[in-house]
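Dear colleague,

Please find the structure below. My notes on the interface follow it.

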Amino acid sequence: MTPRIAVAAVTFNRPRELAVLLDSINAQTAAVDTICLVDSGTEPSREVAGRHDNVDYVRSEANLGGAGGFALAALKAVASGARWIWMMDDDAEPTDPECLATLLREAEARDLEAVVPLVTAPGHPDRLSFFFRLDGKVTHSRAEVEKLGFLPNDGHFFNGALIRSDVFFKVGLPDMRLFIRGDEVDFTIRLRKAGIRFGTVTTTAITHPHAFSETQHVYGARWHVIVPENAFKRYYYYRNRGYLIRRYFRVRSLVADVGGYAGYFLQRRDLAGFLGWASSFSKGLRGKGFAPLEDQKF
């Protein structure tokens with residue numbers, strides 16, 4: 001019997017991309033029973049969602065961010081009775097109609113509780129949108145990663161991750177306090193701590209916009225920092241990095257971040273950038289800065 005499958009998806013003011021995503025999900029050879037879609041945008045996409053009978057549309061008048069949106073969508077998907085939950089951002093797209101079928105097959109063959117596809121850059125199928133670290137060095141090369149076949153205990157959630165529904169009972173939902181940036185890292189850490197069997201398979205992929213320019217090398221190929229493109233994203237990324245270091249007592253990450261960002265900003269004589277990082281990062285380390293979006297000051 002084919003396992004019941006639900007998609008947990010989020011959207012925010014991307015009706016065109018959402019239409020492409022919904023069409024591609026319902027074109028999969030493995031049927032999806034329901035698409036639990038949480039819309040936090042200022043311009044609701046109800047009309048786009050309504051083109052598909054299997055979309056369970058949830059309108060949120062509060063901006064929940066990616067983390068809160070995924071938490072609500074995943075909870076709705078689990079409540080639908082689905083055995084498998086396919087996580088999907090609105091600007092992602094499976095690269096072929098066999099994507100979901102491949103993930104299901106790989107999960108069964110490898111006895112996985114969660115399985116993740118490769119995530120490639122739109123228009124650049126040979127480039128991965130998010131890097132992997134191989135032999136201590138970061139790489140965006142699909143060919144380098146693809147030849148490995150399977151990467152255990154590693155993956156980029158939540159873009160295309162297929163997760164067995166009981167996993168959420170074991171590790172919980174995405175942490176809505178993180179809002180954006182870092183919620184996937186937090187979820188992955190919880191998977192590892194709980195001993196969940198998961199990994200990335202290189203036999204299928206989805207596309208998602210890349211962030212190549214965010215990766216900044218500081219002291220050569222083995223030491224880099226992430227510098228998001230605008231103040232809004234930088235605030236959440238730096239704050240959440242600090243919070244996750246505090247929450248999981250990640251001493252190596254603390255040393256790497258302090259040394260890496262100090263080097264990056266001081267090399268550029270960017271005092272304002274350094275102070276901005278230090279302020280946001282320290283809030284996370286102190287467990288501060290969690291407030292509704294309209295109350296945030298950054």
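A salt bridge is counted here when a side-chain nitrogen of Lys or Arg lies within 4 Å of a carboxyl oxygen of Asp or Glu.

The model is a predicted one, in which local features need pLDDT of at least 70 and side-chain atom pairs count only at pLDDT 80 or more, while totals for chains, interfaces and linings use all residues. Residues are numbered from 1 along each chain as its sequence is written, and side-chain values use heavy atoms, with hydrogens and water left out.

The protein comprises domain 1 (5-207) and domain 2 (213-286), with bounds from an automatic or database domain assignment. Their centres, taken over C-alpha atoms, are 26 Å apart. Each domain contributes 19 residues to the contact (heavy atoms within 4.5 Å).

Between them, domain 1 and domain 2 bury about 1600 Å², 57% of it on carbon and sulfur atoms; buried area is the accessible area (1.4 Å probe) that two parts lose on being put together, summed over both. On the domain 1 side, Leu178, Ile180 and Arg181 lose the most area to domain 2, together 32% of what that side buries.

Three salt bridges are found across the interface of domain 1 and domain 2. By class, the side of domain 1 that touches domain 2 has seven nonpolar, three polar and nine charged residues, where Ala, Val, Leu, Ile, Met, Phe, Trp, Tyr, Cys and Pro count as nonpolar, Asp, Glu, Lys and Arg as charged, and the others, Gly among them, as polar.

With kind regards
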